[in-house]
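Here is a set of questions and answers on one protein chain. Have the sequence and the model open as you read.

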Amino acid sequence: MAQLYQMLRSRSVLHYSLTLTLSVLLSCSCPALGKKKLYIGALFPMSGGWPGGQACLPAAQMALKLVNKRTDILPDYELELIHYDSMCDPGEATKLLYDLLYTEPIKIVLMPGCSSVSTLVAEAARMWNLIVLSYGSSSPALSNRQRFPTFFRTHPSATLHNPTRVQLFQKWKWTKIATIQQTTEVFTSVYKEKLYGKKYVWFLIGWYADNWFKIKDPSINCTVEQMTEAVEGHVTTEIVMLNPETVRGASNLTSQEFLAQLMSKLGGKNPEETGGFQEAPLAYDAVWALALALNKTVGPLKAKGHRLEDFNYNNRDITAEIYRAMNTSSFEGVSGHVVFDAQGSRMAWTLIEQLQGGSYKKIGYYDSTKGNLSWYGNDKWIGSGPPADQTVVIEEFRYLSQKLFVSVSVFAGLGILLGIICLTFNIYNSNVRYIQNSQPYLNNMTAVGCMMALAAVFPLGIDGLHVHRRQFPVVCQFRLWLLGLGFSLAYGSMFTKIWWVHTVFTKKDEKKDKRKHLEPWKLYATVGVLLGIDILSLMIWQIVDPLHITVEKFTREAPKGDLDVLIQPLLEHCSSEKMNTWLGVVYGYKGLLLLLGIFLAYETKSISTEKINDHRAVGMAIYNVAVLCMITAPVTMILSSQQDASFAFASLAIVFSVYITLVVLFVPKMRRLITRGEWQSDAQETMKTGSSTNNNDEEKSRQLERENKELQKIIQEKEERVSELRNQLSERQALRSRRRASTVTSQNHSPPPLAIPQSDPRSLAPPPGYPAPTCDPHPVPPSFANSSSLYQPDSKISRNNCHTSRLQLLYK
């Protein structure tokens, strides 16, 4: 383009003097010849991509003929059209523009057609101070005044469709749209994705033929029926190029009279086969706009000492005057009211049509000059009305199933009632010895903790359906505190029992007696420590990082039916900023307690003690609570997004563990007291004959067991002593035999007798209270010490015709 400017500019300098001379000669000879001629250089595309010149050129010639006949418009001048075929090709237009500029006579105005040609001409025209008036250019790029300072057009810009569509969007309450441009493989490959129907509205340019979708195109693999179905209901916006009203404008012709004359000039050609037939009124009005603008400049130029015939390519004053006249144009033409905006683009009416039943129906007009929408109200839709501009997203909170909540709440309520019964029973019978030996205060704590855990089921099932969002954090805190404190009381008291039993009965014998009489306050202090740890941790959690509501969003769901809506499921959670950290601390601490409780319960399963007579039941309860808790905690975290499953799993785990704990700990006590009638206190029991026998059976059994162990130790010591003496005896006998043999060989007399040492009678003496042996003591068979049978007093072991002593041992 820069090279073109330089070439044309150099040619202008060379021919300037010749042009000026010819202009003077023509102006001098005009009075003798009558009207002075003003020449218009035009480019009409008679062929090419858009052969608009086929109808626009005859229309322009019709206008020139009427203008030249008028005595009230340019009476001293005659307009003459010099035109070439640009073939709608910018390259061809460059050559023709050169011919127009450097071939006499001088052209006062240039009139291109196609947008591509107008872009070239309008950008170069400012260098020759030429006004450019286009009749067929719609490109929005031509509205740039900095790039095209002298450009005007009677064809509205394509941007005129935008305010029309905005009016429609506002009428149908749309705020969002999507655009697709250019038919390429990217878009044609998804034509069959059902993007049509009552959920969609397509806006198309309205300059296509009315039956364009019925014409078979080899490049489109759709049938006519498919195309008809797809385009049904679409809306078109088209610039009004023929005045719909019956008015006579500047040319004194109505739009219908103009069409009749144009058809006559075309010689009966088919309008649909004649290029530019729709734009012909614009070319007709373009000539009238130019003529009226030039007519306006005659007076102002005369006042300044200029004339139109004085125009040359260096005279900026005449160009500026023509520009002002064009910019203020306003008249009624066959295409409607002609007026230009600040960018030189035509402001016109827009026709709005809709395809209904396979044919286009006019549904309204939009006047961009007044911003007025004329609506017929005959728009028709596949559905009940125009679709929404977007898929409506309905936020829907997921709430807990009320049937599930009520069912679990009933079980929790019955569990609380059972806890009250157990607590009442334990308090009422606290003076009974059997109840006293089960540490009733710890059992009371277990019952209270179980009831608190069951009470946590109710806030666990309360959600936004029952309380406002502002109150939901309070519900979250209730859940946390009831579960935490309930666990500490219920499990902590059971853990304390099993820990005390394990501590006492797994120590060495010399330390048992010191720990056997552990004060009850130490048990309560242990529970208090566990409870205090929970209270402290919960307080720190609540102060540092309090619980609040978080909303979880799920994948949008399509409802049943062909509705243009989506459901956005939402779920409320109790959470905090560092929820995972806090849960890790709590679960880690309580998990260690659960594992330790399982270990202690297993270690003490075979121990029997009167001080805590229900520790085996406590162990069973610990197994139950530990297993359920260790399963429930991770599963509820995994199922947190499924409100029904998460609540059912957590709440039923609480209910089952509480029920089992209460039944295991309290029902056997109730059954024993009911069946045996042991309702008296410890003082009352001692007044009854034989009442102490049953209570002392366990103590007697332990005493006999201790005595038996002591006797076994004594027997083992004696056996070791006897074995030592036997070894000594064998050595002496061997020594005696050797001496005897040596004496026989050396002496004739007999050796003196050897005294066999006897063992100390005290070493073989029986335990105190048992009869002494009737002969020399002999060792007890080794198998006796390890035998679990009762050694009878009349059993005999014959060694060297001597009976062993009879020891009476009690072994159980």
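Q: In which sense do strand β8 and strand β9 pair?
A: This is a predicted model. Strand β8 covers residues 330-333 and strand β9 covers residues 336-339. Four bridges join them. The sense of the pairing is antiparallel.

Q: How many residues lie between β8 and β9 in their hairpin?
A: β8 and β9 pair over four bridges. In one of these pairs, Glu332 is bridged to His337 of β9. The number of residues between the two strands of the hairpin is two.

Q: What is the relative direction of α19 and α20, roughly parallel or roughly antiparallel?
A: Helix α19 spans residues 615-638, and helix α20 spans residues 643-676. Their axes are 9 Å apart and meet at an angle of about 175°. An angle over 145 degrees counts as roughly antiparallel. Therefore α19 relative to α20 is roughly antiparallel.

Q: How many nonpolar residues are in the contact of α19 with α20?
A: From α19, the contact includes Leu628, Ile631 and Val635. From α20, it includes Phe649, Phe656 and Ile660. The contact has six polar residues and no charged ones. The nonpolar count is 15.

Q: Which residue of β15 is the bridge partner of Ile394?
A: Strand β15 covers residues 565-575. β13 and β15 pair in the parallel sense, over six bridges. In β15, the partner of Ile394 is Ile567.

Q: How far apart are the end C-alpha atoms of residues 581-602?
A: An unreviewed UniProt entry lists residues 581-602 under "transmembrane region", with 480-500 also among the listed spans. Residues 480-500 are 100% helix and 0% strand, with end C-alpha atoms 29 Å apart. Residues 581-602 are also 100% helix and 0% strand. Their end C-alpha atoms lie apart by 32 Å.

Q: Which form does the peptide bond from Glu104 to Pro105 take, cis or trans?
A: Pro105 sits in the loop between α3 (90-102) and β3 (107-111). Omega of the bond from Glu104 is near 0°. The form of this peptide bond is cis.

Q: Is Leu74 buried or exposed?
A: Leu74 is placed in the loop between α2 (53-69) and β2 (77-84). Its phi is near 45°, a positive value in a residue other than glycine. The relative accessibility of Leu74 is 2%, and the cut-off is under 20%, so Leu74 counts as buried.

Q: Is Lys173 buried or exposed?
A: Lys173 is found in the loop between α5 (161-171) and α6 (185-188). Phi of Lys173 is near 60°, again positive in a residue other than glycine. Its relative accessible area is 72%, and the cut-off is over 50%, so Lys173 is exposed.

Methods
Residues are numbered from 1 along each chain as its sequence is written. This is a predicted model: local features need pLDDT of at least 70, side-chain atom pairs count only at pLDDT 80 or more; totals for chains, interfaces and linings use all residues. Side-chain values use heavy atoms; hydrogens and water are left out. Two strands pair if DSSP finds at least two bridges between them. Axes are lines fitted to C-alpha atoms, for helices over the stretch in contact, and angles run from 0 to 180 degrees between N-to-C directions. Angles under 35 degrees count as roughly parallel, over 145 as roughly antiparallel, 65 to 115 as roughly perpendicular and the rest as oblique. Contact means heavy atoms within 4.5 Å. Ala, Val, Leu, Ile, Met, Phe, Trp, Tyr, Cys and Pro count as nonpolar, Asp, Glu, Lys and Arg as charged, and the others, Gly among them, as polar. UniProt positions are given in the numbering used here, feature names are shortened, and annotations may be inferred rather than shown by experiment. Buried means under 20% relative accessible area, exposed over 50%, partly exposed in between (1.4 Å probe, protein chains only).
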